[in-house]
Amino acid sequence: MTIDQETLRTGFDSAVPDFDATAPGVGAASPEVDAELTGMVECVSITEVTHNVKSFELFAPWMARIDFEPGQYVTVRIPELERERCYSIASAPFGTNTFTLTIKRVDGGAVSTYLHDVLKVGDRIHVDGPYGLFSTSFHPAEKHLFVSGGSGISPIMSMVRSLLARPAGTPTDIVLIHNAATPSDIIFRPELEQLAEVPGVSVVTMCSRDSAAEVVESGSEVRGAEVRNTEVWAGRRGRITRDTLAEVVPELADRETFVCGPADYMAAVRIMLDELGVLGSRVHEESFVFATSPAERLARKERVAEAVGAPVSGTSSASQAAEGICGGSALARFGIEFTTSGKHVDCDSETTVLDAAVEAGMVFPSSCEEGMCGTCKSVLVSGEVEMNHAGGIRPKEIAAGKFLPCCSTPLSDLVVER
Ligand code: FES
């Protein structure tokens with residue numbers, strides 16, 4: 001689970017204004033149930049999961065209980081690196097004040113290599129969240145299909161663990177398909193084997209090749225030496241196909257389906273599910289590899305809007321207002337006043353507030369630019385915007401007057417605290 005855009009547009013200080021020794025979580029005296037999962041968390045344990053995946057158990061001392069939905073993610077910020085990334089929570093919300101991130105070490109990935117190579121038990125990192133709409137909580141169903149590739153299994157396991165913790169007697173009908181490159185890359189392998197024995201749960205683990213084959217193919221003594229567990233995979237082999245889905249998933253079209261993995265993996269699975277007659281509205285995806293072109297961004301937003309049933313907007317009258325303003329051929333133009341910097345910026349009704357600010361030379365914290373990570377969150381002092389976010393802001397934050405400039409276009413003149 002990774003974000004490709006690690007380089008923030010601005011210095012880290014402005015991206016994390018509350019990052020200091022007095023921030024929540026540092027020496028807070030009385031734990032609160034309703035506090036946000038935003039602040040400094042302490043690493044209380046590190047577990048090796050595979051040769052390049054570790055689980056980090058993190059402790060939020062200011063909270064009595066962390067309130068998140070299974071499948072949601074947090075934004076991790078490493079101040080020394082001036083970098084941040086989104087990571088799914090792998091643990092289930094079991095009413096404690098710890099949670100677990102299971103993270104693959106990505107070659108060249110600054111945050112993941114820091115977490116793997118530098119972070120020690122007792123160290124603290126900054127998290128912000130929880131965010132995201134990829135959760136069984138938001139799409140209740142009796143039958144579930146989970147499909148994951150590689151480290152995409154993290155949010156899937158959070159949801160499966162949560163479903164299995166429901167009261168005794170709750171009907172359970174879960175199919176979990178996990179794809180790994182080799183047997184030594186299977187994340188949560190012992191737990192997957194145990195899950196396969198649970199009534200109502202079917203687990204299909206697939207490997208593209210044997211562990212030993214990777215040594216031969218790499219042609220690298222160094223990389224070969226890293227493969228510790230050579231193993232010929234005796235289970236189902238190859239990549240997931242339409243035939244695989246049709247064969248191993250009974251009542252496929254009746255299931256709420258959750259897919260997480262690399263972008264090309266999810267795209268391939270989406271096509272297969274469509275060809276097998278699964279409604280797109282029942283398929284939910286999560287990916288932190290963000291699209292970069294306007295067309296890709298738009299396509300992603302349309303998928304998110306379709307998944308939640310309607311466009312997500314700042315106000316119920318937002319779309320109507322936009323139609324009225326944009327009824328002619330020329331785009332409406334608005335003024336944006338930024339109170340902290342004192343800047344005044346022009347912005348048309350199809351340009352995001354973030355883009356207008358950056359084009360005007362403003363320093364503005366941002367990362368995903370797709371309404372996921374929460375980095376650009378700002379206070380809308382006055383005015384109205386059309387916001388199409390992807391889970392990077394909580395309903396209570398919207399109610400408190402905050403918004404995400406990266407995915408918001410103006411519907412009126414605005415005053416923004418920034
Ligand atoms: S930059 Fe990620 S939510 Fe705005």
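Which strands and helices do the buried residues of α3 pack against? Before we get there, a word on what you're looking at. This is a predicted model, in which local features need pLDDT of at least 70 and side-chain atom pairs count only at pLDDT 80 or more, while totals for chains, interfaces and linings use all residues. Residues are numbered from 1 along each chain as its sequence is written, and side-chain values use heavy atoms, with hydrogens and water left out.

Let's start with confidence. pLDDT is the predictor's confidence in each residue, running from 0 to 100. The protein chain has a mean of 82, with 77% of its residues at 70 or more. Residues 1–33 stay under 50, and the model gives them 91 contacts beyond four places in sequence (a contact means heavy atoms within 4.5 Å). Residues 291–297 are also below 50, with nine contacts beyond near neighbours in sequence.

Now for α3, residues 153–164. Helices (H or I, at least four residues) and strands (E, at least two) are DSSP runs, numbered from the N terminus. Ten of the twelve residues of α3 are buried, so this helix is largely enclosed by the rest of the structure. Buried means under 20% relative accessible area, exposed means over 50%, and partly exposed is in between (1.4 Å probe, protein chains only). Among the buried ones are I153, P155 and R161. And the opening question? They pack against β4 (83–88), β5 (98–104), β7, β8, α4 (189–195) and β11.

Helix α8, residues 263–275, has 13 residues and should span 18 Å at 1.5 Å a residue; its end C-alpha atoms are 19 Å apart, which agrees. (The expected span is 1.5 Å times one less than the number of residues.) Its buried residues are Y265, M266, V269, M272 and L273. They cover an arc of only 125 degrees around the axis, which puts them on the same side of α8; that arc is taken from the directions from the helix axis to the C-beta atoms. They pack against β7 (143–149), β8 (173–180), α7 (242–248), β11 (256–260) and β12 (283–286). Turned away from that buried side are the exposed D264, I271 and D274.

Finally, have a look at the open sheet, whose five strands run in the order β14-β13-β19-β15-β17 with mixed pairing. Two strands pair if DSSP finds at least two bridges between them. β14 (344–348) and β17 (402–403) stand at the edges with a single partner strand each, so one side of each has no neighbour in the sheet. β13 (residues 333–338) pairs with β14 in the antiparallel sense over five bridges, and G335 stands opposite D346 in β14.
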